[in-house]
Amino acid sequence: RERAAGERERERGWGREGEMGKGSKGGRAKPRGEAAEQPPEDLLRPATVEKKKAEPRQPELPQQVEEEDKRTKEELEACFMRALEKHMGGLEMTEENVRKVLLAMPPEQQRALAEEGDALKRQLLQKKENEKEAALFRAEMNKNAEERGLPTEADGEHLTKKVIAFLNGGTAESIGPIPNSYVLAALASSPYLVKLAVADAKASEIDAKALNVDLDAIEARLCSLDVEGFRASDDTTRPPFVRRTLLLLLAHLYSKRMGDELKVSETTVRAQKAVVARTTKLAEMLYRYSLHNRWVKAALTTSELLALLTNGLWDVSDPDCKAVQAARMTEVGLKMPKLKMAVSATDARPGQKVTVKAEVYRLHVYDEKQAAEIAADSEAASAAMEKAAAERAAKGQPSGATPLSEPTEGWWLIGEAVRGDGLALGGTPIHMDEGTKHNALVGCVPLAATLTQPTMFGEFSFEAPDTPGEYKVMVHVRSTGCVGADIRKKVTFKVLPAIFVKKAPTTKTSDAGEIGEDEEPPPLEGDEPPPLMAAA
């Protein structure tokens, strides 16, 4: 029984403190899940790995998926077509008309329609009898993505290989966090960005073209700043297209440190903007995919990298970098975010749910007058966004982002199972080599707050390990748009001994001293959650 319990525990990604590394075995099974809502997210998933829905919300419960699997493909297709017909407005159901209607939809309606088709996509993409339909679907998605300048399936395969290669590295470096430089190099070498570099090489100087003289000047400046990968002592050989992309990205990240000493042409500046925009788009997809594939290391690193790309800054741990971020926010009338957090976790018995709750305090909360001033500026921006969206819709182009009625802050609440063996909870491995051990992601919840809201609340649940003992979860609050504002806090919970229920031989209730089949088990020892821990 102990051996069986240990195997089940390793499948869920946990290892008892003090017992890690003693005979634990990793798995090579592929991550399973469902297709994403939007084409770029679908295509990010490699064909060789079963797909998991890459949208910022909790994965669906297994019983929900099982209920959908009982319905036939025809029933699911009929449900989707009924939902689509609501938006057609009496137009003939032709490919051209459907395309125009989809492009003109605001993002909320697109997401709602995508949810209607999720079950159908699972049928098409996961059932062996639908392999031909899945191949056609993938081919069409790749074609459409390439025509619209979006990542394709090849990018998903490339990034998956890079993440798995690091996690399975077996070196001292692979045990720790994934460096930003590693993820940046993986993005720069993706087919999506290599194609852009090839097009750049063929472009004329009046277009967005990075000139070789500018690239050489950027490389020399990075060397003088002792930037990793471009130091004089670094013996690194890169393909020309990857070198070009990395230089433009690092010039963007280190622009503040480079100062006015570096002068580049206008065509190189345009090329740099195109590279940063595409890299940010690809990094956002990798972030969502990492969250729902339970690659907690990749998710945490990518969130940092997104914040750096958004703000053109170089290192989240550098005090000078944080000072620049704070100064920029002050210039536009915003406060530098400052958070504190209290967390608690419930104890549970094996197989029961552990619930982690977080209360996040916004110490930079705005008063009503400050919020009103910011909202006035936001309304002007929203009006401009609405006008631009209407113009795009008239041309049959995507309407873009929907303006917010009130300014809000967005954060991610991420739960990291400390000292896990690299396997996801619920028996879903994340493709690790035997003996490889990594922390696992056990929860992910988006948080949002208005400017005057002092507190944010979030919680997530997961199944408790089979082995009684004490376990730890690191709770992170992350921003993908602000550098230097992330916080984290560790919380501990206990897995109590299991209760073995004896069934009565003839009746539903047992004799005295035994627990009946339909009776509730006795309460947990210390069923009440511990008080919120003091903020660090």
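Modeller: The protein chain has 18 helices and seven strands. These are DSSP runs numbered from the N terminus: helices are H or I with at least four residues, strands are E with at least two. It is a predicted model, where local features need pLDDT of at least 70, side-chain atom pairs count only at pLDDT 80 or more, and totals for chains, interfaces and linings use all residues. Residues are numbered from 1 along each chain as its sequence is written, and side-chain values use heavy atoms, leaving out hydrogens and water.

Colleague: What order do the four strands of the open sheet take?

Modeller: The order is E4-E3-E6-E7, with antiparallel pairing. Two strands pair if DSSP finds at least two bridges between them.

Colleague: Which strands stand at the edges?

Modeller: E4 (440–450) and E7 do. Each has a single partner strand, so one side of each lacks a neighbour in the sheet. From one strand to the next, the twist averages 20°. Axes here are lines fitted to C-alpha atoms, for helices over the stretch in contact, and angles between N-to-C directions run from 0 to 180 degrees.

Colleague: What packs on the sheet?

Modeller: Helix H15 (residues 266–292), which touches E3 and E4. Its direction makes about 40° with that of E3. Contact means heavy atoms within 4.5 Å.

Colleague: Now E6. How many bridges join E6 to E7?

Modeller: Nine, and E7 covers residues 487–495.

Colleague: Is E6 mostly covered or uncovered?

Modeller: Mostly covered: eight of the ten residues in E6 (469–478) are buried. Buried means under 20% relative accessible area, exposed over 50%, partly exposed in between, using a 1.4 Å probe and protein chains only. Across the protein chain, buried residues make up 45% of the 536.

Colleague: Why does Asp-226 count as partly exposed?

Modeller: Because its relative accessibility is 47%.
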